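Please walk through this protein chain with me, from its overall layout down to single residues. Keep the model open alongside the text.

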Amino acid sequence: MPWIKSGGLGDVLGALPRELFALGHEVATVLPLFSVVDREEAGLELLSTIQVRFLGNDFPTRIYAASYPRSECRALF
């Protein structure tokens, strides 16, 4: 996974979406946008800003997208 990695799960998230896409599936992963993700290097694109209601309060929340390297798969943050 080009953005974050923690053990074997990171390896799976890096490889499985590409393989599923190669089989003809539409694939996107959804990940938290951790502070360690270099937004410029990842090429993040702002898709939308939404309001998330939690415990009676609305929080503005941004949805970003990036493409997997050498693939048409997308990751949403």
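In β3, Phe59 is the bridge partner of Val52. Strands here are DSSP runs of E with at least two residues, helices are runs of H or I with at least four, and both are numbered from the N terminus. Two strands pair if DSSP finds at least two bridges between them.

This is a predicted model, in which local features need pLDDT of at least 70, side-chain atom pairs count only at pLDDT 80 or more, and totals for chains, interfaces and linings use all residues. Residues are numbered from 1 along each chain as its sequence is written, and side-chain values use heavy atoms, with hydrogens and water left out.

Now the whole chain. The protein chain holds 2 helices and 4 strands. Read from the N terminus, the order is α-β-α-β-β-β. The C-alpha atoms fill a box of roughly 40 × 25 × 25 Å along the principal axes.

Next, the sheet. The 4 strands form an open sheet with mixed pairing, in the order β1-β4-β3-β2. Its edge strands are β1 (28-30) and β2 (45-54), each of which pairs on one side only. From one strand to the next, the twist averages 25°. For such angles, axes are lines fitted to C-alpha atoms (for helices, over the stretch in contact), and values run from 0 to 180 degrees between N-to-C directions.

Follow β2 into β3. These two strands pair in the antiparallel sense over 9 bridges. Besides the bridge between Val52 and Phe59, there is one that joins Arg53 to Asp58 in β3. The two strands form a hairpin with 2 residues between them.

What is the phi of Leu55? Phi of Leu55 is near 50°, a positive value in a residue other than glycine. Most residues other than glycine have a negative phi. Leu55 sits in the loop between β2 and β3. Is Leu55 buried or exposed? Leu55 counts as exposed because its relative accessibility is 72%. The cut-offs are under 20% relative accessible area for buried, over 50% for exposed and in between for partly exposed, with a 1.4 Å probe and protein chains only.

Strand β3 (residues 57-67) and strand β4 (residues 74-76) pair in the antiparallel sense over 3 bridges. Among the partners in β4, Ala75 faces Ala66, and Leu76 is the bridge partner of Ala65. Here 6 residues lie between the strands, and Arg70 in the turn has a positive phi of about 55°.

Gly7 counts as partly exposed because its relative accessibility is 43%. Gly14 counts as buried because its value is 7%. Gly14 and Cys73 are 59 residues apart in sequence, with their C-alpha atoms 10 Å apart. Gly7 and Cys73 are 66 residues apart along the chain, and their C-alpha atoms are separated by 21 Å.

Of the 77 residues, 23% count as buried. Among contacts between residues at least 6 apart in sequence, 44% join residues at least 24 apart. Contact means heavy atoms within 4.5 Å. The chain exposes about 5600 Å², and carbon and sulfur atoms supply 55% of it. Accessible areas come from the Shrake-Rupley method with a 1.4 Å probe, and for residues only the protein chains shown count as cover. The mean positions of the 7 positive and 9 negative charges are 5 Å apart. Lys and Arg count as positive and Asp and Glu as negative, while His and the chain ends are not counted. Each charge is placed at NZ of Lys, CZ of Arg, CG of Asp or CD of Glu.
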